[in-house]
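Thanks for coming. I have one structure to go through today, and I will talk about side chains and who they pair with. Here it is.

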Amino acid sequence: MTIREAATVLGATLICGQDMDKPLSSACGADLMSDVLAFAKEGSMLLTGMVNQHVVRTAEMLDVLCICFVRGKKPTEDVCALAKQTGVILICCDMTLYEACGRLYQSGLSPCKRL
């Protein structure tokens with residue numbers, strides 16, 4: 001599944017970034033960045049309700065391709081600027097974290113698993 005296809009499944013809006021046709025390896029849903037560090041994999045999508053620079057920095061460290069902010073949350077300009085600088089694509093959707101992860105799983109995107 002590509003980022004574009006995942007965004008369609010979620011009814012998500014592109015906030016910033018390019019190359020929505022990159023393939024995703026998996027998805028990880030979490031609000032605790034320690035959980036993201038433990039579970040997220042390179043090439044994955046992170047779904048979260050946290051909207052701050054730490055989320056983008058964590059994604060950058062793990063080579064996460066895309067962050068989806070759930071529950072209609074929108075990042076501030078400083079978060080968008082950092083995402084543009086690091087090449088992380090930002091999208092947002094109105095679904096809860098639970099529903100968004102479920103929809104992606106139902107559509108065939110694999111979950112991140114502890115290595």
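I'll start with D21, which is partly exposed, at a relative accessible area of 46%. On the cut-offs, buried means under 20% relative accessible area, exposed means over 50%, and partly exposed is what lies in between, using a 1.4 Å probe and protein chains only.

Before going on, what you see is a predicted model, where local features need pLDDT of at least 70 and side-chain atom pairs count only at pLDDT 80 or more, while totals for chains, interfaces and linings use all residues. Residues are numbered from 1 along each chain as its sequence is written, and side-chain values use heavy atoms, with hydrogens and water left out.

Back to D21. Its side chain meets that of R4 in a salt bridge, at 2.9 Å from N to O. D21 sits in the loop between β1 (13-16) and β2, and R4 sits in helix α1, so this pair ties together parts that are 17 residues apart in sequence. R4 is partly exposed too, with a relative accessible area of 42%. By salt bridge I mean a side-chain nitrogen of Lys or Arg within 4 Å of a carboxyl oxygen of Asp or Glu. Helices (H or I, at least four residues) and strands (E, at least two) are DSSP runs, numbered from the N terminus.

How many salt bridges does a search of the whole structure find? Three.

Another joins the side chains of R57 and E60, at 3.2 Å, N to O. These two are three residues apart in helix α3 (residues 53-62), so about one helical turn separates them. R57 has a relative accessible area of 39% and E60 is at 33%; R57 is partly exposed, and E60 counts as partly exposed.

Then R103 and E99, whose side chains meet at 2.7 Å, N to O. They are four residues apart in helix α5, which again means a separation of about one helical turn. R103 is partly exposed at 34% relative accessible area, and E99 is partly exposed at 32%.

Now the rest of that helix. Which residues of α5 (residues 97-106) are buried? L97, A100 and L104. They cover an arc of only 70 degrees around the axis, which puts them on the same side of α5; the arc is taken from the directions from the helix axis to the C-beta atoms. On the other side, Y98, Y105 and Q106 are exposed. The cover over the buried residues includes α1 (3-10), β2 (27-29) and β3 (45-48), with contact meaning heavy atoms within 4.5 Å.

Last item: just after α5, G108 takes a positive phi of about 105 degrees.
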